[in-house]
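Keep the structure open as you read.

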Amino acid sequence: MEIRKPSIKSIPYEEWKDNESLEKIINELNEGGVNVILGNLDSLINWGRSNSLWSLTFATSCCGIEFMACGCARYDFARFGFEVTRNSPRQADLIMCAGTITHKMAPVLKRLYDEMAEPKYVIAVGGCAISGGPFKQSYHVVRGIDEFLPVDVYIPGCPPRPEAILYGMMQLQRKVKVEKFFGGVNKKQKNPNPLVIKDIPKKFIAEMKQGVDTCVKAVKKEINDTFK
């Protein structure tokens, strides 16, 4: 059975071809083949998992503000199924690490990761979580959380725009869609192939801005109507 190419309504498949890591995963699965029954079950389960990603927010600095903006009305990432954020690692699917991680904070983050149930994912948001950012020469800052955690998606920026965070989450969606759930992702390797967000498609940015403008106009109209 051939692995189906993952589809996300918001972005055509052709616009995802910039990511070599995901294409490599798809090619490896296609080379080995997939059982018809288990393959269809994989597709069904992964469809549900990819559209209900619950994140454990670990925001320590300015990138956390951008993540908060994604959840507000202007960007509203509830449209993609990411709106549920948990404060307990036992109820979360991924860690959204947004901000600077110091050596004193690293053991806490590692403990939270260990308490999460498999399958679990890690997203490094911003320069500080990826490489230490402007503090990489400091004695107290970890030079990237990949020193002690397996990172699935890197979202660069200082801080990254909400569009970049949305795009990174959708890349994780796509990775979840092509994983082998039975016997594969539940026995996850320690060092997964990370996804690096490079250039965000201009069409995607234009659609996001158009949606934002529509929301802003609707809110202004409602406020004006209220105070007439």
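In this predicted model, helix 6 covers residues 162-177. At 1.5 Å a residue, its 16 residues should span 22 Å. The end C-alpha atoms lie 23 Å apart, which agrees. Helix 6 is also mostly covered: 16 of its 16 residues are buried.

K175 of helix 6 pairs with D152, which sits in the loop between helix 5 (126-131) and strand 5 (153-155). Their side chains form a salt bridge, 3.0 Å from N to O. The pair therefore ties together parts that are 23 residues apart in sequence. D152 is buried at 0% relative accessible area, and K175 is buried at 4%.

E163 forms a salt bridge with R161, with the closest N and O atoms 3.2 Å apart. E163 is buried at 4%, whereas R161 is partly exposed at 48%.

In total there are four salt bridges. Among them is D114 with K110, at 3.0 Å from N to O. These two are four residues apart in helix 4 (residues 106-115), so about one helical turn separates them. An α-helix has 3.6 residues a turn, so residues three or four places apart point the same way. D114 is partly exposed at 45%, and K110 is partly exposed at 31%.

Now the strands. Strand 1 (residues 55-59) runs parallel to strand 2 (residues 85-86), joined by two bridges. The chain crosses between them through helix 3 (residues 63-71), and this β-α-β crossover is right-handed. Strand 1 also runs parallel to strand 3 (residues 94-98), joined by five bridges. S55 stands opposite T85 in strand 2 and has L94 as its bridge partner in strand 3.

Note on methods: Residues are numbered from 1 along each chain as its sequence is written. This is a predicted model: local features need pLDDT of at least 70, side-chain atom pairs count only at pLDDT 80 or more; totals for chains, interfaces and linings use all residues. Side-chain values use heavy atoms; hydrogens and water are left out. Two strands pair if DSSP finds at least two bridges between them. A crossover is right-handed if, with the strands pointing away from the viewer, the path from the first strand over the helix to the second runs clockwise. The expected span of a helix is 1.5 Å times one less than its number of residues. Buried means under 20% relative accessible area, exposed over 50%, partly exposed in between (1.4 Å probe, protein chains only).
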